[in-house]
Amino acid sequence: MEKILIVTGGPRSKLDSFSKPIENLKMDVTLASFYDLEYASLGGKDFSLKIQGIDIKEFQKIYIRLVGKRLEDATLIVNYAHQKGVKLVDRVYEHSIMVASTLSKAMELKKLIEAHLPLPQTYFGSLRLIREKAPAYLGFPYVIKSTSGRRGRDAWLVENNQNFDTLFDELRTREKEGVRFFAQSLVRASQRVRVLTVGDKVLGAITRPTKWRKHFVTKINGEIPEGVKESLVPVPQNYSDLALRAAKAVELDIAGVDILVEDETQKLWVIEANAGPSWNLIKKDCGVEVEEKILEFLAVL
């Protein structure tokens with residue numbers, strides 16, 4: 001039986017939901033945190049990278065669930081796994097770049113653009129360059145997003161130059177600390193869709209209201225109508241196809257792909273392909289045992 005490691009940033013308890021499916025499937029899976037990682041210099045002995053006391057080379061497959069800020073630890077595991085011939089999930093870790101696109105939205109966007117995915121008009125540059133050039137490229141309104149934060153939280157609507165000026169000082173402070181930003185055209189979509197992909201399969205999808213919907217949704221009796229919160233069962237084929245293309249473009253085996261559905265045209269736009277997606281809502285709303293499906297995928301990979 002193959003030995004599989006699932007590792008995450010932060011506490012090991014983040015992986016507790018895998019415990020019961022592992023028992024049901026009778027698989028040899030170790031659940032670990034980057035906090036469990038260790039090595040030592042021991043008087044001429046060969047280098048050994050261990051997690052929970054087990055040499056990483058003893059595993060046949062490693063699924064890196066979440067990296068977060070633990071880039072140094074992830075680099076140790078990925079480098080050692082390459083040396084010892086251990087298979088890595090996601091496959092993006094099979095390639096060496098300065099920072100994997102799982103941690104860099106700038107690289108993620110580059111890959112989506114190169115794959116000719118339908119992406120909102122996008123401009124990446126310093127805040128000074130965004131202020132100078134984004135209006136010509138994107139028009140108003142447009143959205144500024146951080147490359148390092150959660151998209152829903154680190155996003156700001158820019159309706160005119162004066163609006164940008166009020167944001168500039170706040171964002172410039174963060175830019176000096178190393179945070180990078182990009183700008184995108186505002187897609188007039190009142191709903192977004194999150195699609196969960198594992199390998200070449202779609203496990204489920206849900207739809208939720210968008211952050212900026214109040215700026216263009218027609219009021220009914222003076223009120224903005226409530227957004228839709230529901231599962232998409234079955235998942236429409238065009239959503240499935242686009243999500244799988246996006247996951248492939250950014251070299252993810254397990255991905256949460258966010259898609260905007262433009263209200264007027266029904267055109268689909270990819271806005272994110274997330275390597276560490278939260279799947280609790282898909283699990284609940286779509287009735288899918290996500291952890292079990294991931295384990296089955298790892299077993300036959």
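Biologist: Which residue of E15 does Arg194 stand opposite?

Modeller: In this predicted model, Arg194 stands opposite Asp258 in E15.

Biologist: How many bridges join E12 to E15, and in what sense do the two strands run?

Modeller: Eight bridges join them, and the strands run antiparallel. E12 covers residues 191–198, while E15 covers residues 254–261.

Biologist: What holds paired strands together in general?

Modeller: Strands of a sheet pair through backbone hydrogen bonds, and the pairing may be parallel or antiparallel.

Biologist: Back to Asp258: which residue of E16 does it stand opposite?

Modeller: In E16, Asp258 faces Glu272. E16 spans residues 268–274 and pairs with E15 in the antiparallel sense, over six bridges.

Biologist: How many residues lie between E15 and E16 in their hairpin?

Modeller: There are six residues between the strands, and Gln266 takes a positive phi near 65° in this hairpin.

Biologist: Are the residues of E15 buried or exposed?

Modeller: They are all buried. Ile254, Gly256, Asp258 and Leu260 point one way from the strand, and Ala255, Val257, Ile259 and Val261 point the other way. Since eight of the eight residues are buried, E15 is largely enclosed by the rest of the structure. Buried here means under 20% relative accessible area.

Biologist: New topic: what is the order of the open sheet of three strands?

Modeller: The order is E3-E4-E5, with antiparallel pairing. E3 (37–38) and E5 (54–55) are the edge strands, as each pairs on one side only.

Biologist: How many bridges join E4 to E5?

Modeller: Two bridges join them; E4 consists of residues 50–51. Ile51 has Ile54 in E5 as its bridge partner.

Biologist: And the whole chain: how many helices and strands are there?

Modeller: The chain has eight helices and 16 strands. Buried residues make up 49% of its 301 residues.

Notes: Residues numbered from 1 in each chain as written. Predicted model: local features only at pLDDT ≥ 70, side-chain atom pairs only at ≥ 80, totals over all residues. Heavy atoms only, no water. Buried < 20%, exposed > 50% of the residue type's maximum accessible area, 1.4 Å probe, protein only. Helix = DSSP H or I, 4+ residues; strand = E, 2+ residues; numbered from the N terminus. Pairing = 2+ DSSP bridges.
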